[in-house]
Amino acid sequence: MNIVVSNVKGGVGKTTTTVYLAAAAVARGWEPVTLIDADRQASSAEWLEESPVEGVDLVEAPSERTVARAMANHDGLVVVDTPPGDERIVRATLDRADAIVIPTRAGGVEYSRVVATLDLIDKGTPLGVVICAARLGTNDLEEAIQWWTDSKVPIWGIIPERVGIAAGPEARLYREGLDAYDGVLRKALRKRPG
Ligand SMILES: Nc1ncnc2c1ncn2[C@@H]1O[C@H](COP(=O)(O)OP(=O)(O)OP(=O)(O)O)[C@@H](O)[C@H]1O
Ligand SMILES: [Mg+2]
């Protein structure tokens, strides 16, 4: 099962989402769990080197060829972090996805970037957006929820903005984040092939 985390926009929460989804999969009993880092910036690789998550194996594959091979050759649950831009690598991952998680933020300018990401995805591949660093109770968030609902793009999760999540590898994974991402994982797994 390959879950790809992607958005052509930078800085929306792809790496954070990838690491938390992998940790949530371990907590759910998946074995093996592999995090493939397809981003040359190697942010999730650095995260796991600084702060390993027990049960998560890391594979760095920042090219079309290496990521295609890595995604084909791993059993269990695979979560793939992708770069912003670098459309060829992104396409190589999206083409092999069983489910696609699209991190985004609340706020009007974000929609067009998600639509640009949706344009790269084959029809029929299950996908959902995750609203990251959400400020609960704000109009921005309510409008984003309404917009995705009207657009018939499923919302697989709303992750609140938390200092403990923003700390990244400098702190342990944040309990509330793990719980919220477990909900995202369950939605993605409902789309499991076979
Ligand atoms: N729920 C959250 N609460 C607070 N901060 C968050 C949350 N999720 C992500 N962030 C912060 O947002 C920033 C961008 O997140 P992240 O690096 O995961 O995005 P990205 O899409 O992988 O970026 P890039 O495109 O550069 O790879 C980071 O500083 C991260 O800590
Ligand atoms: Mg990243």
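Analyst: Helix α1 and helix α8 touch through Tyr20, Leu21, Ala23, Ala24, Ala25 and Ala27 of α1 and Gly177, Leu178, Tyr181, Asp182, Val184 and Leu185 of α8. Residues are in contact here if their C-beta atoms, placed from the backbone, lie within 7 Å. By class, this contact of α1 with α8 has ten nonpolar, one polar and one charged residues. Nonpolar covers Ala, Val, Leu, Ile, Met, Phe, Trp, Tyr, Cys and Pro, charged covers Asp, Glu, Lys and Arg, and the others, Gly among them, are polar.

The model is predicted: local features need pLDDT of at least 70, side-chain atom pairs count only at pLDDT 80 or more, and totals for chains, interfaces and linings use all residues. Residues are numbered from 1 along each chain as its sequence is written, while chains are lettered from A and ligands numbered from 1 in the order in which they are written. Helices (H or I, at least four residues) and strands (E, at least two) are DSSP runs, numbered from the N terminus.

The axes of α1 (residues 14-27) and α8 (residues 175-189) come within 8 Å and cross at roughly 80 degrees. Axes are lines fitted to C-alpha atoms, for helices over the stretch in contact, and angles run from 0 to 180 degrees between N-to-C directions. The two helices are therefore roughly perpendicular (65 to 115 degrees) to each other.

Helix α8 also lies across β1, β5, β6 and β7, running at about 175 degrees to β7. These strands belong to an open sheet of seven, in the order β3-β2-β4-β1-β5-β6-β7, with parallel pairing; two strands pair if DSSP finds at least two bridges between them. β3 (56-60) and β7 are the edges, each with a single partner strand, so one side of each has no neighbour in the sheet. The twist averages 20 degrees from one strand to the next.

Among the strands that α8 lies across is β6. Six of the eight residues of β6 (residues 127-134) are buried (20 or more other C-beta atoms within 10 Å of their own), so this strand is largely enclosed by the rest of the structure. β5 (residues 99-104) pairs with β6 in the parallel sense over five bridges, and Ile100 has Leu127 as its bridge partner in β6.

Key. A residue is buried if 20 or more other C-beta atoms lie within 10 Å of its own, exposed if 12 or fewer, and partly exposed in between; C-beta atoms are placed from the backbone. Angles under 35 degrees count as roughly parallel, over 145 as roughly antiparallel, 65 to 115 as roughly perpendicular and the rest as oblique. Two residues are in contact if their C-beta atoms, placed from the backbone, lie within 7 Å.
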